[in-house]
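Biologist: Could you put the structure up and take me through its aromatic residues, and then a helix?

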Amino acid sequence: MDREDIMKKAANFTNDSKFNYVPEPIALSRESSNMKIFEEPIFSFGSAKDEYFKELKDEKAIGEHFMMPGEWLCDANTVISFFLPFTDTVRNTNKNDMSWPSYEWLHGRIEGQAFIKELSLYLKLEIENSGYKCVVPSYDPRWFGALGKEINYRDKKLSYTSNWSERHVAFVCGLGTFGLSKGLITEKGVAGRFGSLITTLSFEKNDRKYKDIYEYCTMCGKCAKNCPASAIDRETGKDHKKCSDFINKVLEKHNPRYGCGKCQVNVPCENRIP
């Protein structure tokens, strides 16, 4: 199995899987019924032994609780990171009312994440069937995150972090750089979702085409203007609590669905590197 095999299998699964479409019985609107959520993913392959992963243990990045690839999987060789861009329908409907997320975006966040799990576990099984070990950290029992009103930790340094961050891992693997909104800007933009796997299978790694963590962001401030919670500031960055408080309001109204995404649409980095 090589890189092309992984990417082809993922593309086919994304186009063919029923999990990448919103079932009519649970659709929040007629327009979102049978809607395709993601386009084909883009990939980047990183070394599990990349020294940059150690940087994520710094409090300025994530913290000491970040688990290295080798802690998730003994003898790990490769970290596979991928980005699934939202379809035009998901992105464009979220531009109609900039004060509240569209139904389609809510499906993209919740049903979309469910699809990422299916895709990740499918790729894991394919790798294992090839005779190699593989772990999907975000769906491993050891994963934890301290997010939103779920925070109940004495150590506030854990707030709004996890022990495996898909965006930070994608940055290390070479998929893109952070923006003012703390989203990650890829060659397909910022509007979408990330996933990753760790495996003993060795792949040729991608080079990081950037040096600065914000290299792809122009700091134009459009995401700050879009934010209905006023959680983004060009000088001070992102206030995660303000963002979380707004998301919780969405959850109260649309439980179990939540999301926002206004910082990912109607911005220069929506579907490209600006």
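Modeller: A search of the whole structure finds 17 aromatic pairs, where rings of Phe, Tyr and Trp (its six-membered ring) pair if their centres lie within 6.5 Å, with planes under 30 degrees apart counted as stacked, over 60 as edge-to-face and the rest as tilted. This is a predicted model, in which local features need pLDDT of at least 70 and side-chain atom pairs count only at pLDDT 80 or more, while totals for chains, interfaces and linings use all residues. Residues are numbered from 1 along each chain as its sequence is written, and side-chain values use heavy atoms, with hydrogens and water left out.

Biologist: How are Phe 43 and Phe 82 arranged as a pair?

Modeller: Phe 43 and Phe 82 are tilted, at 5.5 Å centre to centre with 40° between the planes. Phe 43 lies in strand 1 (residues 42–47) and Phe 82 in strand 2 (residues 78–85), so the pair links distant parts of the chain, 39 residues apart, strands being DSSP E runs of at least two residues and helices H or I runs of at least four, numbered from the N terminus.

Biologist: Is Phe 82 buried or exposed?

Modeller: Phe 82 is buried, at a relative accessible area of 0%, and Phe 43 is buried too, at 11%; buried means under 20% (1.4 Å probe, protein chains only).

Biologist: Switching topic, why is helix 6 largely enclosed?

Modeller: Because seven of the eight residues of helix 6 (residues 166–173) are buried, the rest of the structure largely encloses it.

Biologist: What do those buried residues of helix 6 pack against?

Modeller: Their partners include strand 1, strand 2 and strand 8 (192–199), with contact meaning heavy atoms within 4.5 Å.

Terms used. Buried means under 20% relative accessible area, exposed over 50%, partly exposed in between (1.4 Å probe, protein chains only).
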